[in-house]
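Biologist: I am new to this structure. Please show me how to read it, feature by feature.

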Amino acid sequence: MAEQTKLPQAGPTRPLGSPDIPQLYLPGPKASGKVTYTPYLYGSAGIQFADKRRGVDEERKVQVLLPLEPSTKTVDWEQARPSEFTQEQLLKEAPQAGDYQPLPAAAAKTLTFTRWAKQFDRWLSRTQRVTLMSKADPPEPAEVRPKRGGVNVNLVAIVWEAKSE
């Protein structure tokens, strides 16, 4: 008889962490059948780009999701994928009953979570750009980085996504 690989389950209740660490839910269509909630790290920020010389004054909103595996101790924001959900769309309560995958122990520690939020801020400052094309012939791209203090992290939270089994 072949052994089935099953994701570890934490159980029918959401794993508890520090009350200082927000835990929310992604909205979506009601899943059919048995539901399992999978944890992600969610980051939301507003970024201001400004360069008077080049005539740039732009604001960008960024929302990303980063999978959290049970063994996660450190995070790599480079692995984050864009999220269509703004922080206002996130739900405070589970949309339906289900089981939960385990939350990494590191994600339940305020000190670690605070470090992850700071890394999110630095990652955005380092990676976000506005690309402009010069009027030269041929045009050459020029990049504008976020202005100093231009990254405003709005929310870093654990979010749970419902998946049908």
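Modeller: Let us begin with burial. A residue counts as buried when its relative accessible area is under 20%, and as exposed when that area is over 50%. Partly exposed lies in between. Keep in mind that this is a predicted model. Of the 165 residues of the protein chain, 42% count as buried.

Biologist: Which helices and strands are there, and in what pattern along the sequence?

Modeller: The protein chain has 1 helix and 8 strands. Along the sequence the pattern reads β-β-β-β-β-α-β-β-β.

Biologist: What do the contacts say about residues at least 24 apart?

Modeller: A contact means heavy atoms within 4.5 Å. Take the contacts between residues at least 6 apart in sequence. Of these, 75% join residues at least 24 apart.

Biologist: Now the strands. Which strands pair with strand 2, and in which sense?

Modeller: Pairing is read from bridges, and two strands pair if at least two bridges are found between them. Strand 2 and strand 8 run antiparallel, joined by 14 bridges. Strand 2 also pairs with strand 3 in the antiparallel sense, over 12 bridges. With strand 5 the sense is parallel, over 2 bridges.

Biologist: Which residues can I look up as bridge partners?

Modeller: Start with strand 8. T38 stands opposite E161 there, and F49 has P146 as its bridge partner. In strand 3, the partner of G46 is K61. In strand 5, the partner of Y37 is Y100.

Biologist: Which residue takes a positive phi in the hairpin of strand 2 and strand 3?

Modeller: G55 does, with a phi near 75 degrees. That hairpin has 4 residues between the strands.

Biologist: How do I read a nonpolar core?

Modeller: Look for buried nonpolar side chains joined through atoms within 4.5 Å. The largest core here has 31 residues. Those with the most contacts inside it are L41, L68, W77, W116, F120, L124 and I158. Strand 2, strand 3, helix 1 and strand 8 each give two or more residues to this core. Strand 2 gives the most, with 6 residues.

Biologist: Which residues does W77 touch?

Modeller: Set aside residues up to four places away in sequence. Then W77 touches L41, G43, V64, L66, W116, Q119, F120 and W123. There is also a second, separate core of 10 residues, which includes L24, Y40, F85 and L155.

Biologist: Is G98 buried or exposed?

Modeller: Buried, because its relative accessibility is 17%. G98 lies in the loop between strand 4 and strand 5. Its C-alpha atom is 6.7 Å from that of K34, a residue 64 places away along the chain.

Biologist: Last, how is empty space found?

Modeller: A probe the size of a water molecule is rolled over the atoms, and this shows where empty space is left. In this model, the largest pocket holds about 150 Å³ of space. Of the 11 residues that line this pocket, L26, P27, G28, P29 and A162 are the closest to its centre.

Biologist: How many of the lining residues are nonpolar, polar and charged?

Modeller: The lining has 7 nonpolar, 2 polar and 2 charged residues.

Conventions: Residues numbered from 1 in each chain as written. Predicted model: local features only at pLDDT ≥ 70, side-chain atom pairs only at ≥ 80, totals over all residues. Heavy atoms only, no water. Buried < 20%, exposed > 50% of the residue type's maximum accessible area, 1.4 Å probe, protein only. 1 Å grid on protein atoms, 1.4 Å probe; cavity = no way out; pocket = protein on both sides within 12 Å on 5 of 7 lines; lining within 4 Å. Points joined across faces, edges and corners; volume = space filled by probe spheres on them. Nonpolar A, V, L, I, M, F, W, Y, C, P; charged D, E, K, R; others polar.
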